[in-house]
Each structure stands twice: as structure tokens, then as C-alpha cells.
Amino acid sequence: MRKLKMEELARVDIEGFKKQDKLPVIVILDNVRSMHNIGSIFRTSDGFAVEKVCLCGITAQPPHREIEKTALGATHSIEWAYYEHVNDAISELKNTGYTIVAIEQAENSIMLTDHTPLAGKKYALIFGNEVEGVSDDAMLASDVCIEIPQFGTKHSFNIVVSAGIVLWDFFSKLNPILNK
């Protein structure tokens with residue numbers, strides 16, 4: 001077995017990526033502190049071809065060296081927008097038909113394993129601050145809350161790990177190629 005070379009991966013270029021069909025998902029970052037986490041979420045969003053990333057509150061914006069360190073250029077392929085208040089992003093997305101999904105441990109949350117995103121619907125997934133989680137305002141404005149099942153002693157995953165788990169779940173459940 002050998003690793004593939006970069007040219008063997010046959011990845012699209014940025015212009016091709018911008019024209020291709022996207023997963024009907026937008027990622028909302030609610031007061032995310034770490035620029036490395038922000039960059040990693042851009043890179044993960046590129047990997048699953050999400051529509052857009054919304055940066056809210058104290059979440060830093062590109063261009064920034066610390067974001068680019070982990071984004072590896074994904075800030076150029078993924079559409080993004082900044083909102084001073086997370087509820088401004090939520091209101092705009094609700095008005096354009098998105099189901100707002102908080103990724104959090106909360107009363108009446110649905111376990112990710114029990115959630116089935118519906119084809120033809122659009123979703124906005126809110127990932128919160130590394131310490132405080134999704135803000136109370138965003139929780140109140142959400143249509144549903146999804147929780148990632150955990151079985152160890154720690155109370156949460158790193159935000160980037162959470163984003164990877166949830167985006168893979170949505171991608172695998174909504175992608176007809178994988179659902180044959």
C-alpha cells in the first residue's frame with residue numbers, strides 16, 4: 001500500500017469548488033475564541049462542501065495568519081460572512097428557509113444517532129464558544145438541538161471534533177451516492 005500523491009487526488013480548484021453543488025448546510029460559529037479552531041472549521045467545511053460559514057460575535061475573521069495556519073487556504077474556497085450578533089445570522093437564515101440546529105447538550109436534545117436530516121431541507125448548524133457553548137440567545141432561537149453521544153469521563157468534545165462529527169453525519173445521510 002502507498003499513499004497517493006497530491007496530483008492523484010484529483011481535487012477541484014477553487015473556481016470549480018465554488019461552482020459545484022454544496023451540502024445544504026451553513027455553519028454558524030457563535031463566539032468562537034480560538035483562531036486555530038476557526039481555521040480548522042473552515043478546512044472541515046471545505047472538505048464536506050458546505051455552503052457557507054457565519055462568524056458571529058468575538059469570532060475572528062479572515063484574513064489572519066493564525067486562522068490560515070489551520071485553514072490552509074479554505075478561507076478562499078468557503079463563502080463566509082460576519083455578524084456582530086448571532087441572532088442576526090439566525091434571523092436571516094430562518095427567513096431564507098433554513099432549519100436552525102444548535103449543537104449542544106441541552107434539555108430535549110436529540111442524539112445525533114437519532115436525527116435524520118431530510119433531503120430538500122436546508123440546515124444551519126450552530127457551534128458555540130469553547131467554554132460556554134452555544135449562547136442562550138442562540139439556543140432560544142434554534143428550531144432543534146442535537147447532542148453528540150459521549151461515553152467517557154469528559155463532558156464535551158473540542159469544537160473542531162464536534163464539527164467534523166456532525167458535518168460527516170449530515171454529509172453521509174444527505175449524500176445520495178453514500179446512501180445506495
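1. The model is predicted.

2. Helix α2 comprises 13 residues and spans 18 Å from its first C-alpha to its last, close to the 18 Å expected at 1.5 Å a residue. Just after α2, Ala49 has a positive phi of about 55°.

3. The buried residues of α2 are Asn37, Ile38, Gly39, Ser40, Ile41, Phe42, Thr44 and Ser45. The elements that cover these buried residues include the strands β1 (23-30), β2 (50-56) and β3 (79-83), together with the helices α3 (65-71), α4 (74-77) and α7 (159-174).

4. Ser40 lies in α2, which runs over residues 35-47. Ser40 counts as buried because its relative accessibility is 18%, and buried means under 20%. Apart from neighbours within four places in sequence, Ser40 contacts Thr70, Ala71 and Val160.

5. A separate point concerns strand β7, residues 144-147. Val144 and Ile146 point one way from β7, Cys145 and Glu147 point the other way, and all are buried. In a regular strand, side chains alternate between the two faces of the sheet.

6. β7 pairs in the parallel sense with strand β4 (residues 98-103) over three bridges; Ala102 has Cys145 as its bridge partner in β7. β7 also pairs in the parallel sense with strand β5 (residues 110-111), over two bridges, and there Ile110 is bridged to Ile146.

Note on methods. Residues numbered from 1 in each chain as written. Predicted model: local features only at pLDDT ≥ 70, side-chain atom pairs only at ≥ 80, totals over all residues. Heavy atoms only, no water. Helix = DSSP H or I, 4+ residues; strand = E, 2+ residues; numbered from the N terminus. Buried < 20%, exposed > 50% of the residue type's maximum accessible area, 1.4 Å probe, protein only. Contact = heavy atoms within 4.5 Å. Expected span 1.5 Å × (residues − 1). Pairing = 2+ DSSP bridges.
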